[in-house]
Amino acid sequence: LNSLLCYFTQDEEFYLVKWQGYSDSENTWEPRKNLRCISILKQFHRDLEQAFIRRGCKLKKNMRLLDLGISNYLVQKAKQRRALQHWEYELNAKRNHKGRIVVENEVDLDGPPRDFVYINEYKVGEGITLNQMAVGCECSDCLSEAAGGCCPGASHHKFAYNELGQVKIKAGMPIYECNSRCSCGIDCPNRVVQRGIRYDLCIFRTDNGCGWGVRTLEKIRKHSFVMEYVGEIITSEEAERRGQVYDRQGATYLFDLDYVEDVYTVDAAYYGNISHFVNHSCNPNLQVYNVFIENLDERLPRIAFFATRSIRAGEELTFDYNMQGKKEEIWEEFEITCNLP
């Protein structure tokens, strides 16, 4: 594909074309009739219109030449779009889940975040061990014919899902899914979080000063699993040290694993998945649940987000940053003062 970097009109429209696989020194001016890249042309004209809006003026039909400021903006926008497309490709190459990731920025010229590595599961920090599950269930049907209550029953807890894979237990109660030692297969109704993100999601630049955010590209049913919060597992002592650094930087991605006691923390600042970009709200559409699959250590649950209500396609996903998953607490009952939406 070709990338348009600038625009010029004379007796007819001419475009400065950046050719894929060639250096900038080989860019060429081409008349409109020579170009067949319809989608790139449409995007260019949207960028051109946005450039004039930023200037507080309208695009004139009889304009003969773009000034340097507009041209520079279009060049930067084209370079930004290529960088974001490359980042989108990298994210999708690394994901191990069904849900596709789209990246958009129609707000400013910021490109991909620096020093961020996409991962699909916890990165275990130094000196921390995840104890693997020793046994699994032997159910013929984990939903309707659960032997001994299946994996949740073995841990004296309730089965978490209905036949559609929607969570049916209250927030604050743990979810115990089937594991690699169970006799059931991947289609077992008690394997929801471990199947990963199922929805197509978009990382987008917000226009309210909150940086990057995440919105869904598909309708999400109430109580459905949306995503996990993953990152590097560190000790609470290390989290305290890093937290002081992050506070000075004005951002933090620390999530305390305090289901039973505050010993470990998930740090998603540099290692994380799409949840790294989910913003805060005091009226969130995502709820935190603690999930246990291959590891039974209650100090090291997996953190899963489920929809609190039906979420429309195009709607931003949010969770309450003050919301944690402490044992047997139902966080909807707490009132937290907040100035954010």
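Q: Let's start with the four strands: in what order do they form an open sheet?
A: The order is S7-S16-S17-S10, and the pairing is mixed. Strands here are DSSP runs (E, at least two residues) and helices are too (H or I, at least four residues), numbered from the N terminus. Two strands pair if DSSP finds at least two bridges between them.

Q: Which strands stand at the edges there?
A: Strand S7 (175-176) and strand S10 (225-229); each has a single partner strand, so one side of each is left without a neighbour in the sheet.

Q: And how many bridges join S10 to S17?
A: Four, with S10 and S17 (residues 302-307) running antiparallel. Within that pair, Glu 228 stands opposite Ala 304 in S17.

Q: Before I go on, what sort of model is this?
A: A predicted one: local features need pLDDT of at least 70, side-chain atom pairs count only at pLDDT 80 or more, and totals for chains, interfaces and linings use all residues. Residues are numbered from 1 along each chain as its sequence is written, and side-chain values use heavy atoms, with hydrogens and water left out.

Q: New topic: which residue does the UniProt "binding site" annotation cover?
A: Cys 282, according to the unreviewed UniProt entry. UniProt positions are given in the numbering used here, feature names are shortened, and annotations may be inferred rather than shown by experiment. Cys 282 is found in the loop between strand S15 (279-280) and strand S16 (286-292).

Q: Now helix H1: which of its residues are buried?
A: Ile 40, Leu 41, Gln 43, Phe 44, Asp 47, Leu 48, Ala 51 and Phe 52. H1 (residues 38-55) has 18 residues and reaches 26 Å from its first C-alpha to its last, close to the 26 Å expected at 1.5 Å a residue; the expected span is 1.5 Å times one less than the number of residues.

Q: What follows H1?
A: Gly 56, whose phi is positive, near 80 degrees.

Note on methods: Buried means under 20% relative accessible area, exposed over 50%, partly exposed in between (1.4 Å probe, protein chains only).
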